[in-house]
Amino acid sequence: MDRTLTERESMILGQDFLTWLWHVTEARGGVFKDRDGREFNLRMEERLSVQGGDGEGLESASVKSPSGELTEARSGLRTGKKVNRAQLRFDRDPEAWQLTLKDTDFSLSGLKTPKVETSDREDTDPDARVLEKLFLVEQCLELLDSVYREFLGVRLSSKWAEEAKTVGVWIAKG
């Protein structure tokens with residue numbers, strides 16, 4: 001398969017996912033379940049980018065809003081753009097993670113995990129902090145996988161046409 005075609009398909013799937021995710025986080029107050037059925041919250045944070053068009057007609061708009069108002073990005077959605085990069089925050093009491101997810105290759109950047117507690121005791125394992133940090137990264141990826149698994153369940157089913165209509169209505173009302 002042509003590499004350009006593969007990249008384009010990945011970008012479309014990624015944009016569908018991030019656009020759907022924005023809609024779903026608002027529609028259900030950001031409540032999701034992990035693979036074990038435990039609830040967690042997910043929301044779009046203050047940085048978001050939308051993109052539309054092709055080749056030289058490619059347009060994008062990036063929004064940074066400390067108050068979480070993403071009206072400029074919403075306007076971009078109404079003109080046919082889709083989310084191509086989003087800052088996400090996962091909360092599962094008492095822990096929180098933050099990351100930025102890109103559409104084309106699902107790359108993560110700026111991952112912030114809950115703080116790893118340090119111990120003043122000398123008898124602790126010197127690798128304990130690194131292992132704890134890796135565990136927290138893995139937990140975040142599992143939460144992201146849960147959301148993506150839910151998206152693929154809808155996207156690859158006959159329910160997608162109806163879901164796309166629902167997202168379209170949400171965009172129009174935005």
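## Helix 2 and what comes after

In helix 2 (residues 71-78), the buried residues are Ala73, Arg74, Gly76 and Leu77; buried means under 20% relative accessible area, exposed over 50% and partly exposed in between, with a 1.4 Å probe and protein chains only. These residues sit on the same side of helix 2 because they cover an arc of only 155° around the axis, the arc being that of the directions from the helix axis to the C-beta atoms. Glycine 80 follows helix 2 and has a positive phi, near 100°.

A word on the source: this is a predicted model, where local features need pLDDT of at least 70, side-chain atom pairs count only at pLDDT 80 or more, and totals for chains, interfaces and linings use all residues. Residues are numbered from 1 along each chain as its sequence is written, and side-chain values use heavy atoms, with hydrogens and water left out. Helices (H or I, at least four residues) and strands (E, at least two) are DSSP runs, numbered from the N terminus.

What about strand 4 (residues 82-92)? Eight of its eleven residues are buried, so strand 4 is largely enclosed by the rest of the structure.

Strand 4 runs antiparallel to strand 2 (residues 39-52), with eight bridges joining them; strands count as paired if DSSP finds at least two bridges between them. Here, glutamine 51 has lysine 82 of strand 4 as its bridge partner. Strand 4 also pairs with strand 5 (residues 95-102), again in the antiparallel sense and over eight bridges. The two form a hairpin with two residues between them, and aspartate 91 stands opposite alanine 96 in strand 5.

Leucine 134 belongs to helix 3 (residues 128-155). This leucine is exposed, with a relative accessible area of 51%.

Helix 4 (residues 160-173) has 14 residues and reaches 20 Å from its first C-alpha to its last. That is close to the expected 20 Å at 1.5 Å a residue, where the expected span is 1.5 Å times one less than the number of residues.

Which residues of helix 4 are buried? They are Trp160, Val167, Trp170 and Ile171. Looking down the axis of helix 4, its buried residues fall within an arc of 100°, so they line one face of the helix. Glu162, Lys165, Ala172 and Lys173 are exposed on the other side of helix 4.
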